[in-house]
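Hello,

Here is the structure you will be taking over. Please look through it first; my notes on what was found follow below.

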Amino acid sequence: MRDVPKLEAPRITVARVPTDAPESDGTLQWDSTTIVIVQIDAGGKTGLGYTYGSAATGAYIQNTLADTLTGLSAFDIPSAHHAMLHKLRNDGRPGIASMAVSAVDNALWDLKARLLNLSVAQLLGQAQESVALYGSGGFTSYDDDQLTQQLGGWSDEGFAFVKMKVGREPGRDHHRLSVARDAIGKDCQLFTDANGALTRNHALLMAEDFARFCVRWFEEPVSSDDLAGLRLLRDRAPPGMAITAGEYGYDQWYFRRMLEAGAVDVIQADATRCGGVTGFLQAAQLAEAFQIPISAHCAPALHLHVCAAFPWALHLEWFHDHVRLEHMLFEGAPDPVNGRATPDPSRPGFGLDLKDAEVARRAI
């Protein structure tokens, strides 16, 4: 009987990459992106996973989760996932603890696929050969020229959807939407994201105005914790405008509550927050049960493989910061072709390899 590969202790690297310009949305401003990278060895292969968030996430993996993983079978991901969830019980599930589990879980799926010489998409089983992308940026800190160049650039490249941030200065958004619509033309769908910045009444007013620009997606018009408010917006939004949320889901019960409330037209999940690939699979299965499509939030190089496994995955977010960072730090990050991306079957796992020198230069 062949020896079962056993997990070695995870290795953690935290890197920070400055943004290429000041960025803000409806509720937050930032000037850098922090990535927590996990590498796990077993059977002569190395699995690579990551999350985006506080450097404290790396310390949590090292101090709380690492000993739980060491010596487990590299093939038994459910066992490792359950062991991690058991270990974090007294620390609380949402936030840094779940992001830590997510980064490790992603590395475990990458490792298993590499041990089997498959891509993660092949390991899961593909339902889509390629996945649609929506260009995501349009930060409230951008001037008209930056907005035009970025959103118009994606449209010119064949993207069918682009998204911009709204809600920081609502009085400016009518003008900004006009600029965006002129930049992308009439055939590209325009999405908006308020990041929970608005009250219910204000969001309803803005939805009516957004309809003039054929906005088809209104993400987090109110806080994603306000399920009744999201349901109100969903019931009263102009026809053809999807109300969406879900990026702050850290477990399957969050997604179940959102779906049971009828709060969204599309649910968004993020495998760097919701428990990794394992958690994303749970969210996608819940979405199918409620007949609601799913879309992936950020981390495009990772989500490409997971979304390819589901016919009801509409698209994934081609987020400006993460696209830039993933191409900067990883070999094998995907490139779009006519607004879609395709998992590379010739590259095992997620198809990513660290650019060691660049990662070391950005490490903190």
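The side chain of serine 155 makes a polar contact with the backbone oxygen of isoleucine 184, at 3.0 Å. Please keep in mind that this is a predicted model. Serine 155 sits in helix H5, which covers residues 144-156. Its relative accessibility is 17%, so serine 155 counts as buried, the cut-off being under 20%. If neighbours within four places in sequence are left aside, serine 155 is in contact with Ile184 and Cys188.

Histidine 305 belongs to helix H11, residues 300-307. With a relative accessible area of 2%, histidine 305 is buried. A polar atom of its side chain lies 3.2 Å from the backbone oxygen of phenylalanine 350. Again leaving aside neighbours within four places in sequence, histidine 305 is in contact with Ser119, Val120, Ala121, Leu124, Pro343, Gly349 and Phe350.

H11 also packs against another helix. The axes of H11 and helix H10 (residues 276-289) come within 11 Å and cross at roughly 50°. The crossing of H10 past H11 is right-handed. Which residues meet there, in H10 and in H11? On the H10 side they are Val277, Phe280 and Leu281, and on the H11 side His303, Val306 and Cys307.

The last item is the aromatic rings. How many aromatic pairs does a search of the whole structure find? The number is 13. One of them is formed by phenylalanine 139 and phenylalanine 319, whose ring centres are 6.0 Å apart; their planes stand at 85°, so this pair is edge-to-face. The pair links distant parts of the chain, since the two residues are 180 residues apart. Phenylalanine 139 is in the loop between strand E4 (131-137) and H5, while phenylalanine 319 is in strand E11, residues 313-319.

Regards

Technical notes. Residues are numbered from 1 along each chain as its sequence is written. This is a predicted model: local features need pLDDT of at least 70, side-chain atom pairs count only at pLDDT 80 or more; totals for chains, interfaces and linings use all residues. Side-chain values use heavy atoms; hydrogens and water are left out. Helices (H or I, at least four residues) and strands (E, at least two) are DSSP runs, numbered from the N terminus. Buried means under 20% relative accessible area, exposed over 50%, partly exposed in between (1.4 Å probe, protein chains only). A polar contact is a pair of N or O atoms within 3.5 Å; within protein, one must be able to donate a hydrogen and the other to accept it, and residues adjacent in sequence count only if both atoms are side-chain atoms. Contact means heavy atoms within 4.5 Å. Rings of Phe, Tyr and Trp (its six-membered ring) pair if their centres lie within 6.5 Å; planes under 30 degrees apart count as stacked, over 60 as edge-to-face and the rest as tilted. Axes are lines fitted to C-alpha atoms, for helices over the stretch in contact, and angles run from 0 to 180 degrees between N-to-C directions. A crossing is left-handed if the near helix is turned anticlockwise from the far one by less than a right angle, and right-handed if clockwise.
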